[in-house]
Amino acid sequence: MMQEGEKIACLTCYDATFAGVAEAAGIDVLLVGDSLGMVMQGHDSTLPVLLGDMIYHSACVARGSSRCLRVVDMPFMSYTTPAQGIGNAARLMGEGGAQMVKLEGGRVIREVVHHLADHGIPVCAHLGLLPQSVHGLGGYRVQGRDQRSADRIFEDARILEEAGAGMLVLECVPAELAGRITDSVSIPVIGIGAGPDCDGQVLVLHDLLGVTRGRRPKFSQDFLAGRGGIQAGMEAYQRAVKSGTFPGPEHSF
Ligand code: KIV
């Protein structure tokens, strides 16, 4: 799709029913995100999410979908070494039906990414705002605003591609930086709060449905508003991503 210039529509998903509806709405990639810690479990961060939680929700999504690519988050502290990472990724794939695993972090995880990719496990990297590092980052803030941190994120993208990552999620970075990274790597870049120039977009399901707890993130949109049902809302999101009308300037940094 990237090579053909078709935008990739990705949505988070945590259960079988929504997986089936998203698939019917034409969504390309289902991300079983550790955001489930917040939207399903009611925590105020993703840190309490356990590997068993990810396996459970991934297996639910796997039972409800067949066409979409299933990408599953590796939870907090489940990939601190190559050996730990491969054992846990194997469980996400074997028990949870994951087809690709997503890891947060820059060059510090290059060896883990390399080890997984070398063993045939497709890896999605995640740069920019790293929710698992929220305390280290001092909050949920846009990353890469100054030259030094922008350069670091830019270099990390190249390093992780070289280590074997097959896809990259960029969260909450300035649109200009996301565009440069998308141009410079040869793997698909999926943005969330990263402007319109990525190869695709991802939204958290609950934001798309307009049932965000607390303040709705600037980069999200309620696609259900004014539409007849959940599948219609998802179809509207899919069309907006494919046609490049979402995200607009009002959703970008
Ligand atoms: O956990 C998640 O839902 C994510 C997306 C915000 C990209 O990682």
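Met 77 lies in the loop that links β3 (69-73) to α4 (82-94). Its phi is positive, at about 65°, although Met 77 is not a glycine. The model is predicted.

- Strand β5 (residues 123-128) runs parallel to strand β6 (residues 167-171).
- Five bridges join β5 and β6.
- Ala 125 stands opposite Leu 168, a residue of β6.

**Helices α7 and α8**

- Helix α7 spans residues 147-163, and helix α8 spans residues 175-184.
- Their axes come within 10 Å and cross at roughly 25°.
- An angle under 35 degrees counts as roughly parallel, so α7 is roughly parallel to α8.
- The crossing of α7 past α8 is right-handed.
- On the α7 side, the contact is made by Ala 150, Ile 153, Phe 154, Ala 157 and Arg 158.
- On the α8 side, Leu 177, Arg 180, Ile 181 and Ser 184 take part.
- By class, the residues of the contact of α7 with α8 are six nonpolar, one polar and two charged.

**Helices α4 and α5**

- Helix α5 covers residues 110-118 and packs against α4 at an angle of about 45°.
- The axes of α4 and α5 are 9 Å apart.
- That angle makes α4 oblique to α5.
- α4 passes α5 in a right-handed crossing.
- From α4, the residues that meet α5 are Pro 82, Gly 85, Ile 86 and Ala 89.
- Their partners in α5 are Glu 111, Val 112, His 115 and Leu 116.
- The contact of α4 with α5 divides into five nonpolar, two polar and one charged residues.

**Backbone features**

- Most residues other than glycine have a negative phi, and most peptide bonds are trans.
- Met 77, with phi of about 65°, has a positive value without being a glycine.
- Cys 172 also has a positive phi, near 50°, and is a residue other than glycine.
- Cys 172 sits in the loop between β6 and α8.
- Cys 172 has a relative accessible area of 5%. Buried means under 20%, so Cys 172 is buried.
- The peptide bond that joins Phe 246 and Pro 247 is cis, with omega of about 5°.
- Pro 247 belongs to the segment after α10 (230-243).

- Ser 220 is placed in the loop between α9 (205-208) and α10.
- The relative accessible area of Ser 220 is 0%, so Ser 220 is buried.
- Leaving aside neighbours within four places in sequence, Ser 220 is in contact with Leu 203, Asp 207, Phe 246 and His 251.
- One of these contacts, Phe 246, is joined to Pro 247 by the cis peptide bond.

Notes: Residues numbered from 1 in each chain as written. Predicted model: local features only at pLDDT ≥ 70, side-chain atom pairs only at ≥ 80, totals over all residues. Heavy atoms only, no water. Axes fitted to C-alpha atoms, helices over the stretch in contact; angles between N-to-C directions. Helix = DSSP H or I, 4+ residues; strand = E, 2+ residues; numbered from the N terminus. Parallel < 35°, antiparallel > 145°, perpendicular 65-115°, else oblique. Left-handed = near helix turned anticlockwise from the far one by under 90°. Contact = heavy atoms within 4.5 Å. Nonpolar A, V, L, I, M, F, W, Y, C, P; charged D, E, K, R; others polar. Pairing = 2+ DSSP bridges. Buried < 20%, exposed > 50% of the residue type's maximum accessible area, 1.4 Å probe, protein only.
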